[in-house]
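Subject: Handing over the structure

Dear colleague,

I am passing the structure on to you here, and below it I have set out what I found when going through it. Please keep it open beside this message as you read.

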Amino acid sequence: IGGSLIAGVTSKNLGGMFKVIFGENVSNIGESGLELGISDTQQGITLNVQGIVGDKQNAIILFDIEKAEDESFEGNSIKFGKLNFEVKKGWEFKGWNPFKVYSSTVSGSSYGWRSIDEAYQTPNQRIFQLEATLDEALIGKEAVLEITDIIEVQEGYWESEVDVVDFFKKHPEYLEQTSISMPQDLLTHTSEEELRFEGYQEKEIKRIMEDTPKRALPSRNLDLDLYPELKSNWMVDNIGFIGDQLHIRMYGIGSSAYTPSFKDALGNEVEMTYNITTTSSSMEGDDVSEGYYVYDIKDLEALSEVKLSSWFQKEIQKTQGQWQVPFTIDIKNQEKLIATNQEIPWYNDTYLTIKEMKLSNLSLQVTYVGEKIYGIPKMEIKFKDGKEQETFRQGSSHGENQIECTYTFGVPIDISEVESIKINEVEIQVE
């Protein structure tokens, strides 16, 4: 336990280690990568932090959890009670249960983790990657990866044994309810301006605003458990029809929230026109979740033709404990400053000016200035061999008449092979 990540990977083979997530791009790591090989063992499970690749403010960390060779993890997935990645000077990232999306904190910094391709997983070892973006430089800083409780789960779609049609027949009062205005805390967005601020285009804004329900079900503390055999503590607060759509309002304390889904006889999922799940912390420190979901199911007849089948994680085994692995981010930043004062078209016939561009092998950081600063301009990279890359993880922080945007690539690139950068259809040559 605590040895190499994959059979055949030696202590000096950083490229071999990261090939599981970077593929042929491992050749672009250079001095921006560092093998760590640091571990902590608790309760018969070892947390191994294998290595890190990063630039000034972004990092990709490869880590795994491992049992003894004669033991194996149960289920098909892992979740953690809590996962923290902390960098000295107080930068802390709050852990959450991932569904292949990323979380963010109020500081503007963000991180997320996920399992790597299952082809590289073994019965006694599960491998993950963590991607983090900080608001300040991380090179040379002390960091720690901390995990509290390792939970082995079986994830997938589970069909509910609760007959929702039968519920309405026994409780007809839920078919005729007085709706209320949609509560502000259950709105995904409160205004068109907020959507523009987050970078949505006008057509997307129109669709989102049209799909956002104006009326909602009131809270009734129904406490209907759609999966009583799983003891999920995620309950239906209220359920009913508003207009020609089915509305479900849910809540839970200290348990993972799932999104109820409906499927027809052919396995096709019913369209969900609205979907929000919020989580906050109570005074006691427990996670308190609320959810509101709207479906294109117009009445009981339509409801009788579908089955409730939701995707979530069923807990099989929990190993309680706390694993901590401290390390120093001792890497070098490979960066190119691109001088430009280029204007790019923006909303409503306005323009933004690119004040500064910093290109590293993991990200592009752009400073824009202008009068209407919201959203994130679209960006793509063109390489000298003709290849293009246009899918990135994006983040931003705003100031007065200025926005700092970071586009992270997910894999290291060779910055010497970048020919141009296109932002909102304006192409900027890279010398």
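Strands, as the word is used here, are DSSP runs of type E with at least two residues, and they are numbered from the N terminus. In that sense Ser309 lies in strand β17, and please bear in mind throughout that this is a predicted model.

Let me begin with Ser309 itself. Its relative accessible area is 9%, and because buried means under 20%, Ser309 counts as buried. Leaving aside residues up to four places away in sequence, Ser309 touches Tyr157, Trp158 and Glu159, and also Tyr227, Ser261 and Lys263.

The largest share, 5 residues, comes from β4. This core has 31 residues, and those that touch the most other members are Phe63, Ile65, Phe80, Leu83, Leu130 and Phe327. In soluble globular proteins, nonpolar side chains tend to be buried together.

Not counting residues up to four places away in sequence, Phe80 touches Phe63 and Ile65, Trp113 and Phe128, and then the run of Ile147, Thr148, Asp149, Ile150 and Ile151.

On to the next strand, β2 and β3 run antiparallel and are joined by 8 bridges, with Ile61 in β3 as the bridge partner of Ile52. The hairpin from β2 to β3 passes through 3 residues. Since 10 of the 10 residues of β2 are buried, this strand is largely enclosed by the rest of the structure.

Charged side chains deserve a separate look, and the structure holds 9 salt bridges. In one of them, Lys67 meets Glu152, with the closest N and O atoms 3.1 Å apart. This pair links distant parts of the chain, because Lys67 sits in the loop between β3 and β4 whereas Glu152 sits in strand β9, 85 residues apart. Are these two residues buried or exposed? Lys67, at 7% relative accessibility, counts as buried, and Glu152, at 0%, counts as buried as well.

Another salt bridge joins Arg114 to Glu131, where the closest N and O atoms are 3.3 Å apart. Here too distant parts of the chain are linked, with Arg114 in strand β7 and Glu131 in strand β8, 17 residues apart. Arg114 is partly exposed, having a relative accessible area of 32%, whereas Glu131 is buried, with a value of 6%.

In a further salt bridge, the side chains of Arg249 and Asp237 meet at 3.7 Å, N to O. Arg249 lies in strand β13 (residues 245-253) and Asp237 in strand β12 (residues 234-242), so this pair ties together parts that are 12 residues apart in sequence. Both Arg249 and Asp237 are buried.

The two strands that carry this last pair belong to an open sheet of 4 strands, whose order is β12-β13-β16-β15 and whose pairing is antiparallel. Its edge strands, which each pair on one side only, are β12 and β15 (272-281). On average, neighbouring strands of this sheet are turned by 10° against each other, direction ignored. Within the sheet, β13 and strand β16 (residues 287-295) pair in the antiparallel sense over 8 bridges, and Val294 in β16 is the bridge partner of His247.

With kind regards

Methods
Residues are numbered from 1 along each chain as its sequence is written. This is a predicted model: local features need pLDDT of at least 70, side-chain atom pairs count only at pLDDT 80 or more; totals for chains, interfaces and linings use all residues. Side-chain values use heavy atoms; hydrogens and water are left out. A nonpolar core is a set of buried Ala, Val, Leu, Ile, Met, Phe, Trp, Tyr and Cys residues joined through side-chain atoms within 4.5 Å. Buried means under 20% relative accessible area, exposed over 50%, partly exposed in between (1.4 Å probe, protein chains only). Contact means heavy atoms within 4.5 Å. A salt bridge is a side-chain nitrogen of Lys or Arg within 4 Å of a carboxyl oxygen of Asp or Glu. Two strands pair if DSSP finds at least two bridges between them. Axes are lines fitted to C-alpha atoms, for helices over the stretch in contact, and angles run from 0 to 180 degrees between N-to-C directions.
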